[in-house]
Amino acid sequence: MSCMKIRALVCAPFAVVMRRTAMALMAVAGLSACAMMGQVRMGPVSKMLKPQPDLCGAAALIDVVGQPFTQLADYKLAGPLRVLWPGQEITDEVVPDRLNAEVTHDQLILRLSCG
């Protein structure tokens with residue numbers, strides 16, 4: 001048998017196997033991405049924000065409720081700030097030290113919560 005025939009017998013099946021393996025791996029990666037996306041839910045603020053322990057310091061900021069949300073810039077916050085506008089949808093992801101500031105259309109703080 002010539003070298004070319006041996007190469008064709010060995011390399012061609014190997015290439016087919018590799019191509020099928022690559023296609024299978026791409027399919028699994030695609031399904032994994034879809035599954036991860038399904039874990040994050042979106043919805044209105046009132047349904048997505050569940051009561052959380054006060055790890056963000058919301059209770060200490062009770063004096064700013066009713067004030068413009070820009071006043072929060074004067075305070076050192078325990079974590080990130082998320083401003084939630086009327087009608088805005090959010091994810092159900094919880095960041096324990098994040099301060100959520102629900103505001104009115106007039107940019108006044110309506111409610112503060114953690115998560």
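Leaving aside residues up to four places away in sequence, Ile109 touches Val64, Val65, Gly66, Gln67, Pro68, Phe69, Leu72, Glu102 and Val103. The model described here is a predicted one.

Ile109 belongs to the largest nonpolar core, which has 13 residues. Within this core, Ala58, Leu61, Val64, Leu72, Leu99, Ile109 and Leu112 touch the most other members. Strands β4 and β5 each supply at least two residues of the core. In soluble globular proteins, nonpolar side chains tend to be buried together.

The wider setting of these residues may now be considered. The protein chain contains two helices and five strands. Read from the N terminus on, its elements follow the order α-β-α-β-β-β-β. Of the 115 residues of the chain, 22% count as buried. The chain exposes about 8200 Å², of which carbon and sulfur atoms supply 65%. When contacts between residues at least 6 apart in sequence are considered, 51% of them join residues at least 24 apart.

Three of the strands form an open sheet in the order β2-β4-β5, and the pairing in this sheet is mixed. Strands β2 (81–84) and β5 (109–114) stand at the edges with a single partner strand each, so one side of each is left without a neighbour in the sheet. On average, and with direction ignored, neighbouring strands of the sheet are turned by 20° against each other. Strands of a sheet pair through backbone hydrogen bonds, either parallel or antiparallel. The pairing of β4 (residues 99–103) with β5 is antiparallel and extends over five bridges. Glu102 stands opposite Arg111 in β5.

Strand β5 also takes part in a disulfide. The count for this structure comes to one disulfide, and it joins Cys56 to Cys114 with an S to S distance of 1.9 Å. Cys56 lies in the loop between α2 (45–48) and β2, whereas Cys114 lies in strand β5, so the pair ties together parts that are 58 residues apart in sequence. The torsion about the S-S bond is about -85°, and the disulfide is therefore left-handed. Are the two cysteines buried or exposed? Cys56 counts as buried because its relative accessibility is 4%, and Cys114 is likewise buried, with a relative accessible area of 6%; the cut-off for buried is under 20%.

Note on methods
Residues are numbered from 1 along each chain as its sequence is written. This is a predicted model: local features need pLDDT of at least 70, side-chain atom pairs count only at pLDDT 80 or more; totals for chains, interfaces and linings use all residues. Side-chain values use heavy atoms; hydrogens and water are left out. Two strands pair if DSSP finds at least two bridges between them. Helices (H or I, at least four residues) and strands (E, at least two) are DSSP runs, numbered from the N terminus. Axes are lines fitted to C-alpha atoms, for helices over the stretch in contact, and angles run from 0 to 180 degrees between N-to-C directions. A disulfide is a pair of cysteine sulfur atoms within 2.5 Å. Buried means under 20% relative accessible area, exposed over 50%, partly exposed in between (1.4 Å probe, protein chains only). A nonpolar core is a set of buried Ala, Val, Leu, Ile, Met, Phe, Trp, Tyr and Cys residues joined through side-chain atoms within 4.5 Å. Contact means heavy atoms within 4.5 Å. Accessible areas come from the Shrake-Rupley method with a 1.4 Å probe; for residues, only the protein chains shown count as cover.
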